[in-house]
Amino acid sequence: MADGGAMTTEVEAGGATGFWAPGTQILWRYRENAGRRFHIARPVTVVRDDDEILAVWLAPGTECVKPVLADGTSVHREPLETRYTKPRSVQRDRWFGTGVLKLARSGEPWSVWLFWEPGWRFKNWYVNLEEPLARWSGGVDSEDHFLDISVHPDRSWHWRDEDEFAQAQRDGLMDEPLAARVREAGLGAVEVIRAWGPPFADGWQNWRPDPSWAVPSLPEDWDRTPAHMSS
């Protein structure tokens, strides 16, 4: 992956406080729920990385890894009642449509994604509730928590995927203490939205990617285990 050597050196030299330079290509990954394997991997380009925030760009056409049912069927075409219990595999695919800007503030149990319509007409913010990002030399890892929030340009908002959140609990992918933490995190995000705190008030909807950036490639070892998990 481009810049991989320099990226690794910088992070290892800086330890937990090392930051990636803008333009560096890293992986943004999610582990499967109630498991240790990675089932989502998205190569992204670093926009900004410091004590306050990690911002990355998922470019249109990027080759990614996504979960599918064992027979190759899209997960979201499976009825909710059996969506999380049928055997799964992973599949390479490409991110089509407009790109996504992902923002993660240090230690927060959610990330905020920005979506645009064609022609850079801003569509909405999307709060993805998840484990706080774990950094490693090649990128960041998390685990999705099903429940999400859509936030619109007029600052209105609504919960998303509450049905999936409930089904995940019924299927044993999330116990009661974790579900309670996720709901609490969601309410914390709602407080930020109502106060119009960062990153919503920071003008990220006006950001545009550097036209010189190449679309990152998906490395063959996209599912490698970071050193911090190897024990």
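## A first walk through the structure

Leaving aside neighbours within four places in sequence, T45 is in contact with G23, T24, Q25, A55, V56, W57, W213, A214 and P216. This threonine is found in strand β2, and at 2% relative accessibility T45 counts as buried, because buried means under 20%. Before going further, please keep in mind that this is a predicted model.

### The cores

Let us turn to the nonpolar residues inside. The largest nonpolar core has 36 residues. Which of them have the most contacts inside this core? They are L101, L114, W125, V127, V151, F200 and W204. Two or more residues each are given to this core by β3 (53-58), β6 (100-105), β7, β8, β10, α3 (162-170) and α4 (176-195). Helix α4 provides the largest share, with seven residues. Apart from this core lies another one, of 17 residues, with I26, L54, C64 and W113 among them.

Not counting residues up to four places away in sequence, L114 touches G99, V100, L101, L103, F122, N124, W125, W204 and Q205. Among these partners, L101, W125 and W204 are also listed with the most contacts inside the largest core.

### The largest pocket

About 1300 Å³ of it lies in the largest pocket. How many residues line this pocket? The lining has 47 residues, and I40, R42, K66, P67 and H76 lie nearest the centre of the pocket. By class, 21 of the lining residues are nonpolar, nine are polar and 17 are charged. At least two lining residues come from each of β1 (25-31), β2 (38-49), β4 (63-69), β5 (88-94), β7 (110-117), β8 (121-130) and β10 (139-151).

### An annotated stretch

The unreviewed UniProt entry carries the annotation "domain: DUF402", which covers residues 77-197. Over that stretch the chain is 27% helix and 42% strand, and the end C-alpha atoms are 36 Å apart.

### Backbone details to look for

Most residues other than glycine have a negative phi, and most peptide bonds are trans. A few places here are worth a look with that in mind. A34, although not a glycine, has a positive phi of about 60°, and A34 lies in the loop between β1 and β2. R155 is not a glycine either, yet has a positive phi of about 75°; R155 sits in the loop between β10 and β11 (157-160). What joins P198 and P199? The link is a cis peptide bond, with omega about 5°. P199 is found in the segment after α4.

### Inside or outside?

| Residue | Relative accessible area | Class |
|---|---|---|
| T45 | 2% | buried |
| A180 | 46% | partly exposed |
| R155 | 49% | partly exposed |
| A34 | 61% | exposed |

The classes follow from cut-offs: A34 is exposed because its 61% is over 50%, whereas R155, at 49%, falls between 20% and 50% and is therefore partly exposed.

A180 has its place in helix α4.

Note on methods:
Residues numbered from 1 in each chain as written. Predicted model: local features only at pLDDT ≥ 70, side-chain atom pairs only at ≥ 80, totals over all residues. Heavy atoms only, no water. 1 Å grid on protein atoms, 1.4 Å probe; cavity = no way out; pocket = protein on both sides within 12 Å on 5 of 7 lines; lining within 4 Å. Points joined across faces, edges and corners; volume = space filled by probe spheres on them. Helix = DSSP H or I, 4+ residues; strand = E, 2+ residues; numbered from the N terminus. Nonpolar A, V, L, I, M, F, W, Y, C, P; charged D, E, K, R; others polar. UniProt positions renumbered as here; feature names shortened; annotations may be inferred. Core = buried A, V, L, I, M, F, W, Y, C linked by side-chain atoms within 4.5 Å. Buried < 20%, exposed > 50% of the residue type's maximum accessible area, 1.4 Å probe, protein only. Contact = heavy atoms within 4.5 Å.
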